[in-house]
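Open the model in your viewer and keep the selection tool at hand.

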Amino acid sequence: MTSSMTIPKTMHALTQPDPKSTELLLTTVPTPTPTPNTPQHLVRVEACAPCSGELLWPANFPPATPRILIPCPDFAGTVVSAPPDSPFPPGTKVYTRANYIRNGAASEYTISITEELSNCPRGLSWAECAAIPLSAMTAWQALFVHAGIGGLECGRWKGKRVLVTGAAGGVGAWVVQLAKLAGASVIGTCGAHNLEFVRGLGADEVLDYRTMDIKAWASAGHCEAKVDVVIDCIGQKALSDAWWAVKDGGAVLSIFQPPGQVRPEGCEVNDVADTFFIMEPNGKHLEAITRLIEEGKCRGFVDSVWPLERFREAFGRVDTGHARGKVVIDFSLNRSRFD
C-alpha cells in the first residue's frame, strides 16, 4: 500500500561521511525504497532525536553492510508505504527507535519495520513523540526485562528499592517514572540544579552526586538503605559508587558499561546479578508506553528543538551532557523549504 503522496527520488539528510570522524554534512542522498514482500515501511520523517555518543558507533561497531551513515535513531513520522497486511497503513502517525542494522532518521524519509513501530501517542507534537522511544524503551527493558523482578503489573515491585544514577537524564527520568508506577521506592542521583525536577518525577529520595558519598549514604541506614536494583545511566565513577548501595541478592544494570568492570575493591556484596545491555527496538513495549502516556501516567521530556540546518548546535547540546530530556531536530521547521 502506498499513499498518494509524491515520493521524491532524492532527499535531504545528515550524513557521516567518515566513520572515524564525528563530522556531519547536510546533503542530498537517494530516497530509500522498501524491499517488496518484507515488513518494511517507508516513513516520512517529521522529527528525530540525536543520541549521546552515536557518532562514535560506526568506528566502534562498523555496520555489517557498508551504507551511507545517517544518524538519529529516535524518530516520529507518517507512513508513506506499507505491506498490505500492516497494522500501520499509509497515513498512520508512528514513532520508534531505529535498529542499528539500518540507518537513523536524520533524513526526510526512512525505513522501519512492523515489529518496531508504534502508533504515536495522541495529543503530542512530533517533537514530543520523537523524544520518547529510545529513552522510554531503555528504561522499560532495564526494569521489566533485565532486572529479574517482573513486569510493570506483576505486583512484585512493591517494597523494592531502586537506585537510579543520572535520574534527570533522558533514560533516568523514565526509570524513575516507571519504577514508581510499578510500586517501587526510588532513589535518584543528579546535580543540585535538578533535585526538584527529579522529586517532581516521583522519586522518594534525591541525592546530589557532587556532595553525597553513596558508600556513606548506604552505610548510614545499614540494611534499610541498601537497594534491590541499581539502574546506572552514567557509568564510570557513578556506577562504581553505586555498587556500595546494592544489597545481597540484588541487581546492578548499566546502559554504559559492564558493571563488573568498575566494581570497587572491598565491596563484598554477594550474589549480585550485574548486567550491561543495549536496548532493542520493540513495538509491543512502545505500545505499552504509549498507553501510559495517553492515560497521563508518565511523560517524555524535550530539552530543545532545532531546525535541520542547525544540526551542529543540536548535537553540541547533546554533547554537553546537561540536556534535561531529549534534543530534537524538527523537520516541520524546514518542510516548506524542502517541499
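Angles between axes under 35 degrees count as roughly parallel, over 145 as roughly antiparallel, 65 to 115 as roughly perpendicular, and the rest as oblique. Keep this in mind for the first stop, and note that the model is predicted.

**Stop one: two helices**

Select residues 133-146, which form helix 3, and residues 170-182, which form helix 4. The two pack with their axes 8 Å apart, at an angle of about 50°. Helix 3 and helix 4 are therefore oblique to each other. Their crossing is right-handed.

Now show the side chains where the helices meet. On helix 3, pick Ser135, Ala136, Thr138, Ala139, Trp140, Leu143 and Phe144. Their partners on helix 4 are Gly170, Val171, Trp174, Val175, Leu178, Ala179 and Ala182. How many residues of this contact are nonpolar, polar and charged? Eleven are nonpolar, three are polar and none is charged.

Next, select strand 2 (25-30) and strand 6 (109-113), each of which supplies at least two residues of the lining. Which element gives the largest share of the lining? Strand 6 does, with three residues.

Finally, colour the lining by residue class. It divides into 14 nonpolar, eight polar and two charged residues.

How values were computed
Residues are numbered from 1 along each chain as its sequence is written. This is a predicted model: local features need pLDDT of at least 70, side-chain atom pairs count only at pLDDT 80 or more; totals for chains, interfaces and linings use all residues. Side-chain values use heavy atoms; hydrogens and water are left out. Axes are lines fitted to C-alpha atoms, for helices over the stretch in contact, and angles run from 0 to 180 degrees between N-to-C directions. Helices (H or I, at least four residues) and strands (E, at least two) are DSSP runs, numbered from the N terminus. A crossing is left-handed if the near helix is turned anticlockwise from the far one by less than a right angle, and right-handed if clockwise. Contact means heavy atoms within 4.5 Å. Ala, Val, Leu, Ile, Met, Phe, Trp, Tyr, Cys and Pro count as nonpolar, Asp, Glu, Lys and Arg as charged, and the others, Gly among them, as polar.
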